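Dear colleague,

I am handing over the structure below for you to look through. My notes on what was found in it come after.

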Amino acid sequence: MRWARDGHEPAFRELVHRYERPVFSLIYRMVRDRALAEDLAQETFIKVLNALKSYKPEYKFSSWIFKIANNAAIDHLRRRQLDTLSLDGSPTARSPEEMHASAPQLGDVSESPLDEVESRELGGAIERAIGRLRPEYRSCILLRHVEGHSYEEIAQMLDLPLGTVKTYIHRARNELRVYLEDARE
Amino acid sequence: MNERLQTHLTPEEVELWATGLLSAARTFHLTECAECLAVAERERKLLVELAQLQRFAPSADFAEKVLAQVRIQTPSGSHHG
């Protein structure tokens, strides 16, 4: 860490190699799009490495990088939610016919090789169940049970009260169990 | 509410049990309470599934793409990257 702060390129490279998989995996499971996850993971590392001089050693480095990664994913999901067109059609439509005419048409989009990789990687029952959680539950469950962070670290990373993190994780686990039971029926 | 019901494991205790960290005294409750045992078993199964999730790798040139866009200040003070 100190070497990277002092500008040693091999130390930068080592930091990227050490954290690229966990950071990419967190973002990928949040946004569920490989190419986008790679862009957001790159943004995360660029932000972190360019700000290394301002890094406070009393803060765990992994907490810092996961905080930035999670913010990147959540910001993207919020933007996407705002950009999403209603599938029911234009909100200004004055009749059912206008609603139907302005609704996006879902044609038969063929699956690209990247789509195939994504459906293989995120297509299992547990991955699909995680994908159904609301984003803030998803962050908490991934940081706790995949990355192994403590509740206190997660609260610090997500700027949430400790009690809220515990509640989110508890609810997320309940939802996951229900989704998995549904999938097995 | 009887005393046994009041001592049901909390979600945090269930998590501790599933990871082998719950105290012996609280673990004993599971030998007496079928309800908690069923919850704990379901929870353990889920936690095992989550812990076994793989870490995905980005593309092979990920580090190069990142380093090409980072301002690396060398110890002498000059920038590259």
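For chain B the mean pLDDT is 84, with 80% of its residues at 70 or more. Within that chain, helix α1(B), residues 3-6, has the lowest confidence, at a mean of 50, whereas α5(B) has the highest, at 94. Where pLDDT is low, the predicted coordinates should not be read in detail, and I would ask you to keep this in mind when you look at α1(B), with its mean of 50.

Chain B is built from five helices and two strands, and when its elements are followed from the N terminus they come in the order α-α-α-α-α-β-β. Of its 81 residues, 16% count as buried. If one takes the contacts in chain B between residues at least 6 apart in sequence, 35% of them join residues that are at least 24 apart.

The contact between the two chains draws 29 residues from chain A and 27 residues from chain B. On the chain B side, the elements that contribute two or more residues are α2 (11-18), α4 (34-51), α5 (62-67) and β1 (72-73), and of these α4(B) gives the most, with seven residues.

In chain A, helix α2(A), residues 9-31, packs with helix α3(A), residues 34-50, at an angle of about 140°, and their axes are 9 Å apart. Angles over 145 degrees would count as roughly antiparallel and those from 65 to 115 as roughly perpendicular, so α2(A) is oblique to α3(A). The crossing in which α2(A) passes α3(A) is right-handed.

Which residues of the two helices meet? From α2(A) they are F12(A), V16(A), V23(A), F24(A), I27(A), Y28(A) and V31(A), while α3(A) supplies R34(A), L36(A), A37(A), E38(A), L40(A), A41(A), T44(A), F45(A) and L49(A). Taken together, the residues of this contact of α2(A) with α3(A) divide into 13 nonpolar, one polar and two charged.

With kind regards

Definitions and conventions: Residues numbered from 1 in each chain as written. Chains lettered and ligands numbered in written order. Predicted model: local features only at pLDDT ≥ 70, side-chain atom pairs only at ≥ 80, totals over all residues. Axes fitted to C-alpha atoms, helices over the stretch in contact; angles between N-to-C directions. Helix = DSSP H or I, 4+ residues; strand = E, 2+ residues; numbered from the N terminus. Parallel < 35°, antiparallel > 145°, perpendicular 65-115°, else oblique. Left-handed = near helix turned anticlockwise from the far one by under 90°. Contact = placed C-beta atoms within 7 Å. Nonpolar A, V, L, I, M, F, W, Y, C, P; charged D, E, K, R; others polar. Buried ≥ 20, exposed ≤ 12 C-beta atoms within 10 Å, placed from the backbone. pLDDT = per-residue confidence, 0-100.
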